[in-house]
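This briefing concerns a single protein chain and its fold. The sequence and the structure come first, followed by notes grouped by topic.

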Amino acid sequence: MDKGQHLRLVFMEGSTPAAKVIALATEMTLHLSAQTEDSSTKDTTDTNGAWNEYDVTARSGDIQFSALVGVGTDTGGKSFADLIDQVSDSLINWKVVMVSGAENRVVGKEVCHGQGKLTNLQASAQNRQKATYSGTLNIYGPVVVGLD
């Protein structure tokens, strides 16, 4: 078992994709779901007639993340300011990976990857508390399980 700080969301950027972590990340949730429809018919083999059969009709998913709002530039990570322009209709290549090393930024095994659109970005700045922000990346297309 590994701890949560070693599982991170990274965005792949550039012509030679570089993995950019969410800088100062505090949480990340990957959510995948399947919509189903009852496909039972009179031809369904079930001796007592109590069980339905289901077919998957659609799949969806999102990744929610949160982080502290940092000041300055972080060339190895994505900050709140870096993400503001990415709330758009553009696809973003992402990966969920295991990390280690300095600042938990040395990418190791890949859990999964895909594409998504950043659809929500929200900052919260309460008096005398650290400023935070959260975002939602809606998944578009297939999620590919890592081969590591």
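The notes below go from the whole chain to its sheet and then to individual residues.

The model is predicted, so local features need pLDDT of at least 70 and side-chain atom pairs count only at pLDDT 80 or more, while totals for chains, interfaces and linings use all residues. Residues are numbered from 1 along each chain as its sequence is written, and side-chain values use heavy atoms, with hydrogens and water left out. The chain holds one helix and eight strands, where helices (H or I, at least four residues) and strands (E, at least two) are DSSP runs numbered from the N terminus.

**Overall form**

- The order of elements from the N terminus is β-β-β-β-β-α-β-β-β.
- The chain is more spread out than a compact globule, because its radius of gyration is 19 Å, well over the 15 Å that the globule rule gives for 148 residues. The radius is taken over C-alpha atoms, and the rule is 2.2 Å times the number of residues to the power 0.38.
- Along the principal axes, the C-alpha atoms fill a box of roughly 65 × 40 × 35 Å.
- Contact means heavy atoms within 4.5 Å; among contacts between residues at least 6 apart in sequence, 63% join residues at least 24 apart.

**Surface and charge**

- Of the 148 residues, 24% count as buried. Buried means under 20% relative accessible area, exposed over 50%, and partly exposed in between (1.4 Å probe, protein chains only).
- The accessible surface comes to about 9900 Å², and carbon and sulfur atoms account for 49% of this surface. Areas come from the Shrake-Rupley method with a 1.4 Å probe; for residues, only the protein chains shown count as cover.
- There are 12 positive and 17 negative side chains, and the centres of the two sets lie 11 Å apart. Lys and Arg count as positive and Asp and Glu as negative, with His and the chain ends not counted; each charge is placed at NZ of Lys, CZ of Arg, CG of Asp or CD of Glu.

**The sheet**

- Eight strands form an open sheet in the order β3-β4-β8-β7-β6-β1-β2-β5, with mixed pairing. Two strands pair if DSSP finds at least two bridges between them.
- The edge strands are β3 and β5 (77–78), each of which pairs on one side only.
- Strands β3 (residues 25–38) and β4 (residues 54–68) run antiparallel and are joined by 13 bridges; threonine 29 has glutamine 64 in β4 as its bridge partner.
- Seven bridges link β4 with β8 (residues 132–145) in the antiparallel sense, and alanine 67 stands opposite tyrosine 133 in β8.
- By two bridges, β2 (residues 18–22) and β5 pair in the parallel sense, with valine 21 opposite glycine 77 in β5.

**Individual residues**

- Leucine 24, in the loop between β2 and β3, has a positive phi near 60° although it is a residue other than glycine. Leucine 24 is partly exposed, at 44% relative accessible area.
- Glutamate 103, also a residue other than glycine, has a positive phi near 55°. Glutamate 103 lies in the loop between β6 (92–100) and β7 (106–124) and counts as exposed, at 62% relative accessibility.
- Serine 33 belongs to strand β3 and is partly exposed, with a relative accessible area of 27%. Leaving aside neighbours within four places in sequence, serine 33 is in contact with Ala58, Arg59 and Ser60.
- From C-alpha to C-alpha, serine 33 and leucine 137 are 15 Å apart in space, and they are 104 residues apart in sequence.
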